[in-house]
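I opened this notebook to record what I looked up, entry by entry.

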Amino acid sequence: RARPGRRRAPMADLATSNETKDICGAQWLLLWSTAAYAPDPPSKQESEALETFYTKFQDLCRTGPYANCYRDALREQGQPPVSSRRELMLWLCTAENRCLHKAGLPLKRCRYSDLMSRWRY
């Protein structure tokens, strides 16, 4: 819990809660939840739908320390791999860690089992 008078970064709250405080947290919640429940392996049609979702997703986080982080990740890391849930989740973790680093927050461990425990189970 944050100390009185200290404001916690909204994205940092997603580490333990699905309660979002702003558009930035809400969009990451949607990205993570979609990845965690993506079919594994996806059919050709499902893979095309996931590719469209992740590559056409509009980054609405335009202010604050996380501004345009998803857009920048797409540009710098390339499009997310959608042929497996594991690769997609690890891509998202790397992308989110870039945002956390930029904001001066601790990075999350990109271990697939940990990510699945947090976002799916």
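I count a salt bridge where a side-chain nitrogen of Lys or Arg lies within 4 Å of a carboxyl oxygen of Asp or Glu. With that criterion, I found Arg 71, Asp 72 and Arg 75 linked in a network of salt bridges. I note that the model is a predicted one.

Entry on the salt bridges. I then checked the accessibility of both partners. Arg 71 is partly exposed at a relative accessible area of 40%, whereas Asp 72 is buried at 13%.

I next looked up Arg 109 and Asp 114, which form a salt bridge with an N to O distance of 2.8 Å. Arg 109 is exposed, its relative accessible area being 52%, and Asp 114 is partly exposed at 32%.

Entry on the link between helices 4 and 5. Which residue forms a salt bridge with Glu 76? I found the partner to be Arg 98, with 2.1 Å between the closest N and O atoms. Glu 76 belongs to helix 4 (residues 69–77) and Arg 98 to helix 5, so this pair ties together parts 22 residues apart in sequence. I recorded Glu 76 as exposed, at 51% relative accessibility, and Arg 98 as partly exposed, at 28%.

Entry on helix 5. I compared the span of helix 5 (residues 85–102) with expectation: at 1.5 Å a residue, its 18 residues should span 26 Å, and the end C-alpha atoms are 26 Å apart, which agrees. I then listed its buried residues, among them Leu 88, Met 89, Trp 91, Leu 92, Cys 93 and Leu 100. Arg 85, Glu 96 and Asn 97 are also buried in this helix. Just after helix 5, I noted a positive phi of about 75 degrees at Gly 104.

Entry on helices 2 and 6. I looked up how helix 2 (residues 23–36) packs with helix 6 (residues 112–119), and found an angle of about 110 degrees with the axes 10 Å apart. Angles of 65 to 115 degrees count as roughly perpendicular, and helix 2 and helix 6 are therefore roughly perpendicular to each other. I traced the contact to Leu 29, Trp 32, Ser 33 and Ala 36 of helix 2 and to Leu 115, Met 116 and Trp 119 of helix 6. I sorted the residues of this contact into six nonpolar, one polar and no charged.

Notes: Residues numbered from 1 in each chain as written. Predicted model: local features only at pLDDT ≥ 70, side-chain atom pairs only at ≥ 80, totals over all residues. Heavy atoms only, no water. Helix = DSSP H or I, 4+ residues; strand = E, 2+ residues; numbered from the N terminus. Expected span 1.5 Å × (residues − 1). Buried < 20%, exposed > 50% of the residue type's maximum accessible area, 1.4 Å probe, protein only. Axes fitted to C-alpha atoms, helices over the stretch in contact; angles between N-to-C directions. Parallel < 35°, antiparallel > 145°, perpendicular 65-115°, else oblique. Contact = heavy atoms within 4.5 Å. Nonpolar A, V, L, I, M, F, W, Y, C, P; charged D, E, K, R; others polar.
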